Amino acid sequence: MSYATVAPYTLSPDGTYYIFDRPIEKSDSDDREYRLIKLKNDLEALIIRDNETDKASAALDVHVGSMIDPINLQGLAHFCEHLLFMGTEKYPKENEYQEYLSTHSGRSNAYTSLEHTNYYFEVGEKHFEGALDRYSFSSLTTIECNIDYFDLTDLSYKFFDLINNRFAQFFINPLFDPSCTDRELNAVDSENKNNLQKDSRRLFQLEKSLCNPNHPYNKFGTGNLKTLRDEPLKEGIDVREELLKYHETYYSANIMKLCVLGKEPLDVMTRWVVEKFSAVRNKALSIPVAEGHPLTENELLRITFAKPVMDIRTLSFVFPFPDPNPFFKTKPAHYLSHLIAHKGKGSILSLLKKAGLVDDIDVGAYAVAIGSGFFRIEVDLTEKGLKQYEEVVKVIFQYIDMLKREGVKKWIFDENAQLAAMQFRFKDKSSVSSYTSQVSNFMQRPYPREWILSAPYLSFEYDPAQIEHALDCLRKDRFTLMVVGKQLEGLDQKEKWYGTEYSVKKIGDGFLKDLENLPANNELRLPEPNEFIPANFDVNKKTNITPIKRPTLIKNTKLTRVWHKKDDTFWVPKANIHFFLKTPLAYVTPLHCVKTRLYVELVADALTEYSYAAGVAGLTYSVGNQTEGISLTVQGFNDKIHVLLERILTSMKDFKVDSQRFTLIKEQVQRGYHNSLLTEPYNNAIYYLTYLTTEIMWTSEEALEVLDAVTAEDIQSFYPQLLSSLHIEAIAHGNVSKDQALRVTNLVEDILLPKPLITSQLIRHRSLLLPENEHLVYRRQVFDKKNVNSAVDYYLEVGHVLDKWTRVRLSLLAHIAREPCFDQLRTKEQLGYIVFSGPRGLAGTIGLMIGVQSIKDTVYLENRIEAFLLKLYSLIEDMSEEEYQKRIQSLITTKLEKDKNLRQESYRYWQHIRSGFYEFDRVDQDVAELPTVTKSSLLTFFKEAIHPSSKTRKKLSTHLYSQNPPPPPPPSKTQDINNLFNCLQSHSLTSDIGLQDLHNYSELENFGSLDNSETEKILRKFLAERVKTNEAEMEELVKSVSKAFFAANNGTDSKSKKIVNGVAGDDKNSSERDDTILSERNTIVDDLIVFKSKMLLGPAPTPVVPFEILRRGEDGSKL
């Protein structure tokens, strides 16, 4: 079986391609033009013209993934995805493509799944052809980088030809450079190490590992050093040769689907696609199809018990199920999922929540391979539910029995079809690369070509027999169970790849007999018709108007401030209404913080049955506690938005705490605080950096200290006080008039009946200011004792967000730094899988942040970050004026990118409101300022605020160091040479010395295993032949490179522990400093409270212009 499709194509007038001759069904709100073509090499391409887009994109999906990996090279498909961009035979410079992208505002990414490898990028629409030329779908990395626009008319044909040659070579002859292999193997291994403590990955692999061992679903798709280096080496397998074979075998035009989106006419983009993709070779490959099913009789009727990293408790059913994709017309799986996952009255969740067994439910069917699928039911268990999971199983099967007794209901199918049609009709646009990536994947499915956009969403036919057949697959003798909980004991096995503790047993005959004889449960019933389905979709669209750029203040009293903007851009029958209920009681102490969180969680829990139908009908809400109060958002189809909001507010006002639900929600909140400590180290590094620079912030540990003592009675008496005095701020944006906005927002006043806060209570929280010429380090252990990763978050505070001079230069510097930071610290130095950089803002202060998560020691990471900053300064200093201006234009393009949908626009306005500055025109100000920023002024800013030698900069770094660092890897010649090359590069020596020079130098064979004197001897000889300098300078250079090399090879060296006792190295430049110890300029933060108490406070946020001005229209007229 395969997903073969037959479509009516006719030959194009010029005879170079075939064109699909039927219209493609699209959403009513979709103003784009579509053309489907097939090239002579059988590559199918969907070309999309969006006349309003400011970004263009292309994506290509190859119908092969990790399931095709050889059993002795697991992870090969993923490794191929990593390596393909690393140069070609004709253009071997590995980072040429990324360097090109870094000067243009856009991004690229790729992923490998079970049966697909998907590559995509987006770029400024005026620069699409150049990017398409360079973009090779066998050459992409998995990073995101920024790309820019420039006018195509400025480019010469010669330049296009050069780019096109590079593109073609990327795809036809990927280099798989041996010098890159070890490094990218480390990148894959680092990615795997990054995932080792993620429960989603661990449990997914456990499920796969316990499936049919003869089915490729059983494989380990990520790969690591063991599967891609060590084991192949033992078997005499040349991994590079296998990569070449893999690419040659499977990267065939006939199993690729291409989607391109741009602003140019369809004819122009069609010509580009034909010119650039017709050379892709068609190897007439049949799409690989796995035989059999991942679940056979041997794997069914088993129950697996597994211990997670986080404190989570789940029960999962998996039923063997048909591949849902061929049943796109009738969508029987969707019918079943809708009913089993329902959360209204009479549902599985409603009954099990009342019994105190379950907190949530998730249901869905999906393909695991062509021809094979799973139907999964997963519930979140309470402590009681974990002990009584068999009762949960019984109730779920009672519901399935009820569905079989009731039979298929046409009104339920029709309602679902109506909802799907409504959602598709008003489908929002998303980022262009997300869209092209998704559509290129949809094109691989067995949809008629005219339905490739609509088939994933719409139900076309009612076929009760197909629904009954799908329901028959949910059998009591054909399923597996998995129970997950930290409390589970007696687990006697460990999963091979992630080390997950588990045990497996057959489901007992007695329990199976109980299931066969289940009585009917009268509390379980079908849902009622959905009362939230909207009926009014009028938007009163106006033409030939210029959208206004900000919301208008339509009400401003002591109690309430309301902002409004009628949608004048997207013209959809939707609205987004955001409220912030400011109340000092929400966060005055850790106890108040905990009580507020319990209150909002209890309210949301109580609203589940009522609000679920609204969510299904495209109307959602969220309520949450924040540091200064409570946030409330209602968004979606506007027809009945007031009905949902009124019910939410009434529940908040008249809430009665149920003691049983309180106990369960309290335990959920407690687990949430505990689990926040077990998140990835880089997240906690950011968390503690925020804590150290925030005036008031209670930690999870502080919250846990007071949580135990809180009772249901405490919440019942607390929340009326919480709501008694408020300041209400809101924005109503979308398909709502000014009068409607006032009526809806007045509901808060009318229902909650609060008193206004006094003026002094309106002062916003402030940030702490780092002291000048201080270099601060806060260190603590990673909470998860088994996590091998450490992390550093390195922050340089540069000033206040309202200082335009500083803000714009920080923005430009961060924009320039992003790609070289990733390239140096991740790609070249291989510090870790997670490397990021960018501007950071908090309550008015702004700065530059660089983060790394790695298995290396945090001191080494910090020193490498500082070495990068030195290199970044030189990069900017050496940049030509032409290149510098490109970077400015690139940032301008990024800042001017349009909102893709109503929700994105609403969020942007709300962020300006919540900041307290109300600076709605900040982007326009920055865009006007950027062309005035000279390179010399940027370097001055860098020297004063960023450069490690600055006497005025303000630095704070947080180090989360592993309690379980891995042992150092065995020596590897390629890795040693890569490390040496990086050291030479940091000393600006690689203009004369290439990586291949090092590989060809025989005396470097065992370089990494030599002692210091032997290393220096070989280095001296090597450099003397290539570097012209005097003897004294040569000796200094040799010692510096040697020291840097040993630091790079021993990033986990115990010498780094010296900083705990305050021992530090000299503050010298990068070429002289020992990267295993901190500079003596650093001060260790030992006591968080003492540290924070000594810091000065920054100014509280205040409006940049009087509110009276913001009550006027953009033309100054009073509203």
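Reader: Leaving aside neighbours within four places in sequence, which residues is Tyr 335 in contact with?

Author: In this predicted model, and with neighbours within four places in sequence left aside, Tyr 335 is in contact with Gly 407, Val 408, Lys 409, Ile 412, Phe 413, Asn 416 and Ile 467.

Reader: How many residues apart along the chain are Tyr 335 and Val 408, and what separates their C-alpha atoms?

Author: Tyr 335 and Val 408 are 73 residues apart along the chain, while their C-alpha atoms are separated by 9.2 Å.

Reader: And where is Tyr 335 found, and is that residue buried or exposed?

Author: Tyr 335 is found in helix 10, and with a relative accessible area of 4% this residue counts as buried, since the cut-off for that word is under 20%.

Reader: What comes just after helix 19?

Author: Just after helix 19 there is Gly 618, which takes a positive phi of about 85°.

Reader: Changing topic, how many residues of helix 15 are buried?

Author: Helix 15, residues 432–442, is mostly covered, with 9 of its 11 residues buried; among them are Val 432, Tyr 435, Val 439 and Phe 442, together with Asn 441.

Reader: Now helix 5 and helix 7: at what angle do they pack?

Author: Helix 5 (residues 178–195) and helix 7 (residues 225–234) pack at an angle of about 140°, and their axes lie 9 Å apart. The two helices are therefore oblique to each other, because an angle has to be over 145 degrees to count as roughly antiparallel.

Reader: Which residues meet there?

Author: From helix 5, Asp 182, Leu 185, Asn 186, Val 188 and Asp 189 meet Leu 225, Leu 228 and Arg 229 of helix 7. The residues of this contact divide into 4 nonpolar, 1 polar and 3 charged.

Reader: Last topic, how many disulfides are there, and is Cys 473 buried or exposed?

Author: The count comes to 0 disulfides. Cys 473 is buried, with a relative accessible area of 14%, and Cys 593 is buried as well, with a relative accessible area of 8%.

Conventions:
Residues numbered from 1 in each chain as written. Predicted model: local features only at pLDDT ≥ 70, side-chain atom pairs only at ≥ 80, totals over all residues. Heavy atoms only, no water. Axes fitted to C-alpha atoms, helices over the stretch in contact; angles between N-to-C directions. Helix = DSSP H or I, 4+ residues; strand = E, 2+ residues; numbered from the N terminus. Parallel < 35°, antiparallel > 145°, perpendicular 65-115°, else oblique. Contact = heavy atoms within 4.5 Å. Nonpolar A, V, L, I, M, F, W, Y, C, P; charged D, E, K, R; others polar. Buried < 20%, exposed > 50% of the residue type's maximum accessible area, 1.4 Å probe, protein only. Disulfide = S-S within 2.5 Å.
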